Amino acid sequence: MIYSASRRTDLPAFYPDLIVDKVARSRKLDALVLWTKDVGNLVRHPGLARVVERVPCLVNYTVTGLAGTSWEPAVRPLSDQLADVQALARRLPRGAVRWRFDPIIPTPDVEDRFVSVKTALDDALDGVDEVTVSFVDPYPKAVERVRQAGLEWPSTTPEERRRLIEFMVATFPPGDKPVVRLCCEPELLAIPGVGMARCVDGEAFARLYGLPLGDLPKDAGQRKSCGCMKSTEIGAYALRCGHGCVYCYANPE
């Protein structure tokens, strides 16, 4: 069993005790996948830090470079988290903390933001080998939130999307494996250097921890072009996230 914590809200940042309780009550748990925009509790919350040290974990760490702006008003900037990122990286196998530049908000400075975040994480994580990305989806409630924030919903043409993904690929050293992992963007998978994202990744658990999870089935509850393997979601949309990201699909309002 793999726990997903969580696609629906930032459990590590705002509900660490819930994760600790769920793990303590589980008798069959093999591994844990964490999504967060703030890794602080993964190293400083006593209970959650112990979970991270004892349970095989993958951390999907979302950093877009928009923290503290009108897009992500309450997200703690990466510069304030770097010590926590480095501490977390020391406790986990290299590659267990995985960068998500997701969603892509194509503001005029998007390329500069990408390079700036990548440079900082390269230092903090002893190298970044790949990144998971997707373009922001125009859910009506999110579009209205963006409008109320005085922002304009970002739109891109297919050619602009392609050029941006090619730019991201080019920031990594040349190689024969995908460096940009696309989440549910099948029309862009043919670009060299690009592959399908897998945030819940049994093969990574097998490689990093020696767990026999590499042949888990695809998660039938996710979108058709999602590459994630089967997991048990322990979050809920009703658990409000405090980051206040105006583009968020999970915010119920």
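Where is the place of Ser 6? Ser 6 is in the loop between strand 1, residues 2-5, and helix 1, residues 11-14. Keep in mind that this is a predicted model.

Let's stay with Ser 6. Is Ser 6 buried or exposed? The relative accessible area of Ser 6 is 4%. Buried means under 20%, so Ser 6 counts as buried.

What does the side chain of Ser 6 touch? One partner is the side chain of Glu 233, in a polar contact of 2.4 Å. Another is backbone: the nitrogen of Arg 8 lies 2.9 Å from a polar atom of the Ser 6 side chain. Now set aside neighbours within four places in sequence. Ser 6 is then in contact with Leu 11, Trp 35, Glu 233, Gly 235 and Ala 236.

Next, the aromatic rings. How many aromatic pairs are in the whole structure? A search finds five. Take Trp 99 and Phe 101. Their ring centres are 6.0 Å apart. Their planes stand at 80 degrees, so this pair is edge-to-face. Trp 99 and Phe 101 are both buried.

Phe 101 has another ring partner, Phe 114. That pair is edge-to-face too, with 5.1 Å from centre to centre and 80 degrees between the planes. Look at where these two sit. Phe 101 is in strand 4, residues 97-104, and Phe 114 is in helix 6, residues 110-124. They are 13 residues apart, and the pair links distant parts of the chain. Phe 114 is buried, as is Phe 101. Put together, ring pairs join Trp 99, Phe 101 and Phe 114 into a cluster.

Lys 118 lies over the face of Phe 172, 4.5 Å from the ring centre.

Technical notes: Residues are numbered from 1 along each chain as its sequence is written. This is a predicted model: local features need pLDDT of at least 70, side-chain atom pairs count only at pLDDT 80 or more; totals for chains, interfaces and linings use all residues. Side-chain values use heavy atoms; hydrogens and water are left out. Helices (H or I, at least four residues) and strands (E, at least two) are DSSP runs, numbered from the N terminus. Buried means under 20% relative accessible area, exposed over 50%, partly exposed in between (1.4 Å probe, protein chains only). A polar contact is a pair of N or O atoms within 3.5 Å; within protein, one must be able to donate a hydrogen and the other to accept it, and residues adjacent in sequence count only if both atoms are side-chain atoms. Contact means heavy atoms within 4.5 Å. Rings of Phe, Tyr and Trp (its six-membered ring) pair if their centres lie within 6.5 Å; planes under 30 degrees apart count as stacked, over 60 as edge-to-face and the rest as tilted. A charge sits over a ring if NZ of Lys or CZ of Arg is within 6 Å of the ring centre and within 35 degrees of the ring normal.
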